[in-house]
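Morning, everyone. I have one structure to show you today, and two places in it to look at. Here it is.

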Amino acid sequence: MRIVIAGGHGQIALRLERLLAARGNEVAGIIRKAEQGDDLREAGAEPVVLDLESASVEEVAAHLRGADAAVFAAGAGPGSGVARKDTVDKGAAVLFADAAVQAGVRRHVVVSSMGADANHQGDDVFDVYQRAKGEADDHVRGLDALDWTILRPGALTNDAGTGLVRLEARTGRGPVTRDDVAAVVAELLETPATAGLTLELVAGSTPVSVAVKAVAGN
């Protein structure tokens with residue numbers, strides 16, 4: 001498959017690029033800064049320099065044409081303010097999904113956040129983030145031209161992945177390693193029967209491939 005990842009230099013995205021490239025896929029990662037390109041090449045991905053906060057739908061669609069799948073793994077990051085929650089966590093996610101529709105790329109996986117909710121209350125930065133992610137997820141779920149899967153991981157850690165997870169419509173809160181999130185996304189991309197599902201993910205006791213097959217109904 002050819003897979004294009006938004007937020008290609010993110011911690012989950014770099015892990016995902018390595019996994020996908022190792023499986024023989026052709027991977028491209030969208031990045032904001034050219035100097036990030038070497039990290040992507042090292043992971044086995046082709047860097048695409050494009051700012052999703054200023055690009056048009058047409059510009060993004062041009063880089064998506066011919067892809068078999070798209071993954072939104074971008075984020076403004078924990079150090080960013082309220083404004084970028086709107087422009088990245090919501091705006092870029094909406095833009096990327098609309099571009100996928102225009103480019104005819106049906107398979108679309110979103111790395112969201114546990115607790116994402118368009119009706120989330122509060123004015124703290126994290127409240128705004130949860131609302132922005134929820135609004136973006138709602139937009140994606142409203143696009144009939146996409147075979148979408150929305151993944152909502154719990155609290156992310158940099159511990160070594162275990163390959164053991166709990167993946168369900170509702171898991172309750174808990175931690176999960178970035179390694180295991182990337183492994184689940186890679187498996188979701190190869191499991192089209194997970195389209196139309198919004199899934200929560202935390203550490204657990206089920207091997208990743210088994211967990212994904214279970215939610216796919218296999």
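Predicted model: local features only at pLDDT ≥ 70, side-chain atom pairs only at ≥ 80, totals over all residues.

Find strand 10, residues 197-203. This strand is mostly covered, with five of its seven residues buried. Who are its partners? Take strand 6, residues 147-153, to begin with. Strands 6 and 10 pair in the parallel sense, over five bridges. Look for Ile 150, which stands opposite Thr 198 in strand 10.

Now strand 8, residues 164-168. Strand 8 runs antiparallel to strand 10, and four bridges join them. Here Arg 166 has Val 202 of strand 10 as its bridge partner.

Next, follow the chain into the loop between strand 8 and strand 9, and stop at Thr 171. Is Thr 171 buried or exposed? Its relative accessible area is 8%, and the cut-off for buried is under 20%, so Thr 171 counts as buried. What does Thr 171 touch, leaving aside neighbours within four places in sequence? The contacts are Met 114, Arg 166, Glu 200, Leu 201 and Val 202.

On to the largest pocket. The space in it comes to about 1100 Å³. Two or more lining residues come from each of helix 1, strand 2, helix 4, helix 5 and strand 7. Helix 4 gives the most, with five. By type, the lining has 19 nonpolar, 11 polar and 10 charged residues.

That's my tour. Thanks.

Note on methods. Residues numbered from 1 in each chain as written. Heavy atoms only, no water. Buried < 20%, exposed > 50% of the residue type's maximum accessible area, 1.4 Å probe, protein only. Pairing = 2+ DSSP bridges. Contact = heavy atoms within 4.5 Å. 1 Å grid on protein atoms, 1.4 Å probe; cavity = no way out; pocket = protein on both sides within 12 Å on 5 of 7 lines; lining within 4 Å. Points joined across faces, edges and corners; volume = space filled by probe spheres on them. Nonpolar A, V, L, I, M, F, W, Y, C, P; charged D, E, K, R; others polar.
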